[in-house]
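Student: Could we go through the inside of this protein together, one question at a time? I'd like to see how each answer is reached.

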Amino acid sequence: MVLVLVLALGDLHIPHRAPDLPAKFKSMLVPGKIQHIICTGNLCIKDVHDYLKIVCPDMHIIRGEYDEETRYPEIKTLTIGQFKIGVCHGHQIIPWGDLDSLAMLRRQLDVDILVTGHTHQFTAYKHEGGVVINPGSATGAYSSIAYDVNPSFVLMDIDGLRVVVYVYELIDGEVKVDKIDFKKTTAVTHSAY
Amino acid sequence: MISDGVEDEDKWLAAGIAGLQQNAFYMHRALDSNNLKDALKYSAQMLSELRTSRLSPHKYYELYMRAFDELRKLEIFFKEETRRGCAIIDLYELVQHAGNILPRLYLLCTVGSVYIKSKEAPAKDVLKDLVEMCRGIQHPVRGLFLRSYLSQVSRDKLPDIGSEYEGDADTVVDAVEFVLQNFTEMNKLWVRMQHQGPAREKEKREKERSELRDLVGKNLHVLSQIEGVDLDMYRNTVLPRVLEQVVNCKDDLAQYYLMDCIIQVFPDEYHLQTLEELLSACPQLQPSVDIKTVLSRLMERLSNYAASSAEVLPEFLQVEAFSKLNNAIGKVIEAQVDMPAFGAVTLYSSLLTFTLHVHPDRLDYVDRILGACVKKLSGKGKLEDSKATKQIVALLSAPLEKYNNIETALKLSNYPRVMEHLDDGTNKVMASVIIQSIMKNKTCIFTADKVEALFELIKGLIKDLDENLHDELDEEDFKEEQNSVARLIQMLYNDNPEEMLKIICTVRKHILIGGPRRLPFTVPPLIFSSLKLVRRLQGQDKDTAAEEASATPKKIFLLLNQTIEALATVPVPELALRLYLQCAEAANDCDLEPVAYEFFTQAYILYEEEIADSKAQVTAIHLIIGTLQRMHVFGVENRDTLTHKATGYSAKLLKKPDQCRAVYACSHLFWVDDQDSIKDGERVLLCLKRALRIANAAQQMANATRGSSGSVMLFVEILNKYIYFFEKGNSQITVAAIQGLIELITTEMQSDNVTSDPAADAFLASTLRYIEFQKQKGGAVSEKYEPIKV
């Protein structure tokens, strides 16, 4: 089976709210190990874009409200393996962080996995046949919405109809890993209409 | 004519080699038939080729090497002759009958070698004889090669300690004496070359001299290899004699080379112990000698020696190495008035490296060196010389790398004074180096004083140093520069809130004079740093906070308001709006209603007056609605005012779809899940109906302008919102309403003149699936959804 690893991260807010990615994360993000990157936005500067490009050239990036580059798209959908994935920063979905409103977007984009950010809080919900993921803030940047944010990012291992979502969190200087499993019921089909 | 040059030289060399080879052939024949007389005859003829004056040193060397090889065979023959009964002393006398002096002396040295080996006479006697006899050749090139030959054949026969040639009469003292004498004579010959020939060929002569220098230097190498030359002998005999020759020859080429040779060839511990003597020679050298390079190399060697092992460090202290070197450098700089800035800085740079290795704890030494540098540079204003500025950057970077802690550098009082002498460009380079150093070492705790000192050092990045001169800095480079300052601001932290506030005020003071180009980069990190402080203060017990404490959220918000105002000078209204909203949320968390209201007011003013771009407006309105939705601090009136405005803005966006989406987003302003007081079902419905009207209008417009209605996507979105509030328990949203909307959409989709939109179709489908899904869930949810027919 071909290994398909998808890195999902965002809300780094470099240099407005954080000086750099945590060193322990940087040492984990070795070039060549990851096949795709999904970025929820708010890098905010070109430096960070260039760094991520080295980690993996296939980068899908969405516009956050503080991003220096204004030409990133607001919404994007892509297919990786058997999964349709939708990405949006999340400041456009009100109320912020509300699961039902995010679920609405997931329905609208007709995707299996919806990745959003903005709240800086890691969440992963299995919700009526799909998954809604927020990889949190990779630098643990200040957020008006969440207090005491730990730096975090997500790695998705896509294997056929199954995806394992690993979340890496930096807690008190140590990297802790957790995971959730998700299996979808049907393969990707093209629209019947 | 010498100008015929290389071609002729090659001819002469070829001729010389041919002659040499021919005579060698006959010599071999004589050797094979044990014919001593003929052997001597032909070897002398062969050696006569070396009498030539026509070859440059480079070519002469080729001839010499061939002769050397042949002489080895001859030496073997001589040895066999002595075994066959010929007395060595007779042989020694016999070779002196050779006609010309040069061949005579080469043969004599060769026999001398056999003589010493035979031990029939003390080595020292033979060596003395030979070294004196060689005086017969005063021609520089021929003499140097001859003496080099002597050195080569005698090398393994010196009466060193523990050698077989050591005896009662022969000691290492004699060995040393021999080598020193050879060295002295060779140096004299070498120097003499400088003055031969016409003035116009000076360059050519110097090049030729350069080719020969290793012949002279070899003697020093031999001295260093003699076992018996211990520290005492080095200090009392070798060094004084060598230095004497170096100083007295008054030749800058020789002086530079030999000083360097001494430093490289003898052990570092000897140098340490004879530092005084070595350094005192320096001012006595010719002014044109590049003494700074010599001293730099000495200091480099000593630095490496210090770095090699901690055990040698006490030695440095014992000989007071630092003060000796410091004084020596001072004297050299004083003596060479015309020394360019680059030279002086290089010297101080080497001394600094030395100090950092040997006395890392003596910050006063480091500061002293920087002070001496400042003194040398004073009166020169900003340096133009790029070599000098590069050296200064190296000088200033060294303490940063060594100590890995900006605090130490900040303690060096002369550090900023040195930076004053850099031109603006290099000043900025240095400032970047300082920032990089801080970024690498992340454990620094700052105080307001340290921050003040730091920002003084990096002022080149913080503001325009010269009012009139505007940097033609590349846009990319400028951004990188300012982003590094932004990152730096993130590093300035102190646990104590009072001190932290002082730090923030210090930073603020500096960045506010940065000008409109810099503010968009430097203000945001300061704002967020302040908001983090506010949050820390929130956590503190309100009772324990002292009355006089200046670090209160209220005071910080005041500061924040004034700081964001500064962005108006740029102007960057979109950024300012975002920052005002961030502050509003923070004020909300502190229960400061008037403060929060004021921030919203500022944000709204910016929206109305400054943000004209339609795309920017859409993002801005979403941020406003999203933030407002989370506010719990507002009383009814304030909330109403702000909500009313927000919905008004939403309805006035340029594009109808944007209007529609913003308006239905506003519906959430009337329904907040965690607060029962904000659950106004009626107004939610009003919003959604308004959204529907806009969606309708959009359809009609599309019809009128394009002939067919646009997609039903907006209707499906609004349907989903209906369902959202229905599920939340908004009694104003009835099953009938939902049903009706579904029918409306389905009818529209089937209508002929509606543009087919697969995305909208899929969305409707997944919405209906959702309703089904909820029906299957069981319990209260099922009951709710049951009536809806899909």
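Student: Which residues lie nearest the centre of the largest cavity?

Tutor: Happy to start there, and note that this is a predicted model, where local features need pLDDT of at least 70, side-chain atom pairs count only at pLDDT 80 or more, and totals for chains, interfaces and linings use all residues. Residues are numbered from 1 along each chain as its sequence is written, chains are lettered from A and ligands numbered from 1 in the order in which they are written, and side-chain values use heavy atoms, without hydrogens and water. A cavity is a set of points on a 1 Å grid over the protein atoms alone where a 1.4 Å probe fits but cannot get out, and lining residues have an atom within 4 Å of a point. The largest cavity has 17 lining residues, and nearest its centre lie A:Arg17, A:Glu65, A:His118, A:Ser144 and B:Gln582.

Student: Which element gives the largest share of that lining?

Tutor: Helices here are DSSP runs (H or I, at least four residues) and strands are E runs of at least two, numbered from the N terminus. In chain B, helix H29 (573-589) and helix H31 (614-630) each supply at least two lining residues of the largest cavity. The largest share, four residues, comes from H29(B).

Student: How many residues does H35(B) give to the lining of the second largest cavity?

Tutor: Both chains take part in this lining, which includes A:Asp100, A:Arg107, B:Lys721 and B:Tyr770. Helix H3 (99-109) of chain A and helix H35 (713-728) of chain B each give two or more residues. The largest share is that of H35(B), with six residues.

Student: Is A:His13 buried or exposed?

Tutor: A:His13 sits in the loop between strand E1 (4-9) and helix H1 (23-28) of chain A. Buried means under 20% relative accessible area and exposed over 50%, with partly exposed in between (1.4 Å probe, protein chains only). Because its relative accessibility is 1%, A:His13 counts as buried.

Student: Which side chain does the side chain of A:His13 join in a polar contact?

Tutor: Beyond its neighbours within four places in sequence, A:His13 is in contact (heavy atoms within 4.5 Å) with residues including A:Asn42, A:Tyr66 and A:His120. A polar contact is a pair of N or O atoms within 3.5 Å; within protein, one must be able to donate a hydrogen and the other to accept it, and residues adjacent in sequence count only if both atoms are side-chain atoms. At 3.3 Å, the side chain of A:His13 makes such a contact with that of A:His120.

Note on methods:
1 Å grid on protein atoms, 1.4 Å probe; cavity = no way out; pocket = protein on both sides within 12 Å on 5 of 7 lines; lining within 4 Å.
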